[in-house]
Amino acid sequence: VECAPIDMAVTPKGSLVMLAYRTGVDGTRWWLGEMPVWGGVALNRGLGGQDETGMALAVQASGMVAVCGTTPTQDADGFDAAVWAFEAGEPGVARTFDYTAPGILPHSMVEKVRDCAFAGDKLVLVGEAFGEHVDAQMKFIDRHFVLEYEVATEVEAWRVATGTVAMQSGATAVTVDGEGNYLTAGYICGLTCDPAAELWTLVPEDGLVWRVPLGELPSKAFGPHDVAWSPAGYAVVALGGTVGDEKAFSVRAFAPYTFDALWTFSHKEGGLFQMAFALAVGAYGQVYAGGFGAGGYPAVAYIAG
């Protein structure tokens, strides 16, 4: 079976949960595995259906594991946002979401989930809602969304960016800070999308309260790819190099409500292309950034933080 990794997380009991795509005789499907002991046998926890996508993992303090992604529909949108929630030792429970609002008809938007994280009892999903938004001048465009889902009560709440922020926008990663606020890394652009990376702070009760520009990107493929919260009290963002510095492996840290980076890690090597994709932060603020380095080989940067 051919596999491609997507995401990995650690449960409160120390198990590794792994999300991957598996390609076999029945096509390509997402697969959720769990390794209770490091180096042990990977147990099968779940397998996605045909044309379903799994984009990210989130683990709750209770041990619940959520696979976040999309599922196909028979309507004009083609896809809805989806979550598969796995309690310990239990099969997954699926839940789908379709964004509607005044002037937005059911199944007229394509919800593209990019990442998710637990904030207490809420699962927070982020991504892009693609379609004809009410203030989009009859254009089909992407808009940054945050979806809050109360797992126990199955109550959902959507926050979709408007044109007052930017004509187009999207969230590519999310984390939760020490006060329960949502930090999203993503991009903004005009109708012709020359993306500029940004870090947003959203308060659950009030929505967007702060935006920090990270620089212009050569394309959306440069990220931002991940965001993590440090116990030192700041956010860490991993992305590709910005315009003029495209080949750098880049990681930056920002304190809440400030515009200037606390620190920047930018690694270059012989003019060769490289990029940061994933982050983990240790209990003492040490930062582990993963991606690929010179020559396309896997690379990990250890940053004191």
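I looked up Tyr-302 to begin with, and at 65% relative accessibility Tyr-302 counts as exposed, where exposed means over 50% relative accessible area, buried under 20% and partly exposed in between, with a 1.4 Å probe and protein chains only. I noted that the model is predicted, that local features need pLDDT of at least 70 and side-chain atom pairs pLDDT 80 or more, while totals for chains, interfaces and linings use all residues. Residues are numbered from 1 along each chain as its sequence is written, and side-chain values use heavy atoms, with hydrogens and water left out.

I placed Tyr-302 in strand β23, a strand being a DSSP run of E of at least two residues, numbered from the N terminus.

Next I turned to the largest pocket, which holds about 1,600 Å³ of space. A pocket here is an open set of points on a 1 Å grid over the protein atoms alone, where a 1.4 Å probe fits, with protein on both sides within 12 Å along at least five of seven lines, and lining residues have an atom within 4 Å of a point. The volume is the space filled by probe spheres set on the points, which are joined across faces, edges and corners. I found 45 lining residues, of which Asp-7, Met-8, Asp-226, Ala-278 and Leu-279 are the closest to the centre. Strand β1 gives the most to this lining, with 6 residues.

Last, I checked the second largest pocket, with about 190 Å³ of space. Its lining has 13 residues, and the closest to its centre are Thr-11, Lys-13, Glu-34, Gly-63 and Ala-88.

Key. Helices (H or I, at least four residues) and strands (E, at least two) are DSSP runs, numbered from the N terminus.
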